[in-house]
Amino acid sequence: MIPGEFEYRAAQRAELLRFASSAKTDDGFGYLDDTGAVDPEQSMPLFVVCRMTHVFSLGVLADEPPAAGGPDRDELAALAEHGVRALTAGPLQDAEFGGWYASIQPDGSPEGAKQAYAHAFVILAATSALMAGVPGAEQLLKMATSVMDAHFWDETTGTVVEEWNRSWTSLDDYRGVNANMHTVEAFLAAGDVTSDRTWHRRAGRIAERVVALAGDNSWRIPEHFTADWSPMLQYNRDQPADAFRPYGATVGHGMEWARLLVAVDESLGENAPSGLKEASVALYDRAVADGWAVDGADGFVYTTDWDGTPVVHARMHWVVAEAIGTATVLHRVTGDARYVEDLRRWWDYAEKYLIDHELGSWHHELDAANEPASGTWSGKPDVYHAYQAALIADVPTTPSFAAALADGKTSLPGD
């Protein structure tokens, strides 16, 4: 099969679902190691449980033939339902104060912070499960949107705040673009599923702020801010390879925002902030120029300094997955053939270096020589980015993945 073509993408989706299905634990979905076994020494992050629930729900909606040894549609539905139960009444849910813990530690104790980043994924998981007809998903979505309204959404700034303590009595002064990016994804999905345009409008407000920030900074997005949204361009300079708050410009986030800006523009139509599609192209171009093969080897570097100089040379799987998604969307919007050439390049790279043909899933991190590494990420806990990369060519840009699949707006067999 040729990388990136339909049969290839379908096989990728089936194999990713097979690999992910082994993550099931009594309390949710555990952190998978390189072989696809749950790593007992790792915590169970809320975002991983949500992403798995989301992907299993998409698998139900796609209703494709399973990989050998992989889950069929009924088994995927059972996994999605398990995820919804875990999020609704499992140990990650804080029955006393509401909301969800950031993770459950290996000893069973909760990590008490309440994070906007992870709560956005609760909304995403609930929307996808609801579209897949998973019992309890409607209740979970109501719980998640209520918490978002009560604690994270800041109507004054048109963004979400970052992190509270367990009892919602102390708010961290840090503000981050990463949490707001995944909130945009979640809000678009919530608006599509509920038909409540409030969520789309909120996504538009966040997007408008980020476009202004990036446009004033040569299309390298500042990531870290004070409580009044003053940029902290030197933040974490001593921890440049942090998984969630790295120093400098994050190449993959330029890609991811570019795709989301097109979705915001299409979702809001004439009410969208101006210039989103143009900003999308500019972000993509900057990410490719700064990130791709800039140190003598193929692959995207993880981060750069503010002049585009590479800082962390490791290659993360999710960056290539987002490059695939964004090139797909921009080709639809512009018709420019260069994005087709880019897609071939990104898929060829994934096939050669990232996809683990022996053990399954995608290597999460490679070093500068494109060998598997673990400086930032260990194991393979996340199939979310790779699965969406293998799906996006077969669904429209809007509505969101689950809504498009539920509405039959796909190029999958039978639609």
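Analyst: **The sheet and the helices**

Strand S13 (residues 303–304) pairs with S14 in the antiparallel sense, over two bridges. Two strands pair if DSSP finds at least two bridges between them.

A word on the source. This is a predicted model: local features need pLDDT of at least 70, side-chain atom pairs count only at pLDDT 80 or more, and totals for chains, interfaces and linings use all residues. Residues are numbered from 1 along each chain as its sequence is written, and side-chain values use heavy atoms, with hydrogens and water left out. Strands (E, at least two residues) and helices (H or I, at least four) are DSSP runs, numbered from the N terminus.

Back to the sheet. It is open, has three strands in the order S12-S13-S14, and its pairing is antiparallel. Strand S12 (249–250) and strand S14 (310–312) are the edges, each pairing on one side only.

Next, helix H8 (residues 251–268). Its axis and that of helix H6 (residues 177–194) come within 10 Å and cross at roughly 35°. Axes are lines fitted to C-alpha atoms, for helices over the stretch in contact, and angles run from 0 to 180 degrees between N-to-C directions. The H6–H8 crossing is left-handed: the near helix is turned anticlockwise from the far one by less than a right angle. Contact means heavy atoms within 4.5 Å. H6 brings residues including Val177, Met181 and Leu188. H8 answers with residues including Trp257, Leu260 and Val264. The contact residues divide into eight nonpolar, five polar and three charged. Here Ala, Val, Leu, Ile, Met, Phe, Trp, Tyr, Cys and Pro count as nonpolar, Asp, Glu, Lys and Arg as charged, and the others, Gly among them, as polar.

Stay in H8 for Asp265. Asp265 counts as buried because its relative accessibility is 16%; buried means under 20% relative accessible area, with a 1.4 Å probe and protein chains only. Leaving aside neighbours within four places in sequence, Asp265 is in contact with Ala272, Pro273, Leu276 and Lys277.

Another helix pair is H2 (residues 46–62) and H4 (residues 116–131). They pack at about 20°, with axes 8 Å apart. H2 and H4 are therefore roughly parallel, a label for angles under 35 degrees. Their crossing is left-handed. Among the contact residues are Leu46, Phe47 and Cys50 of H2, and Tyr117, Phe121 and Met131 of H4. This contact divides into 13 nonpolar residues, four polar and one charged.

How values were computed. Parallel < 35°, antiparallel > 145°, perpendicular 65-115°, else oblique. Buried < 20%, exposed > 50% of the residue type's maximum accessible area, 1.4 Å probe, protein only.
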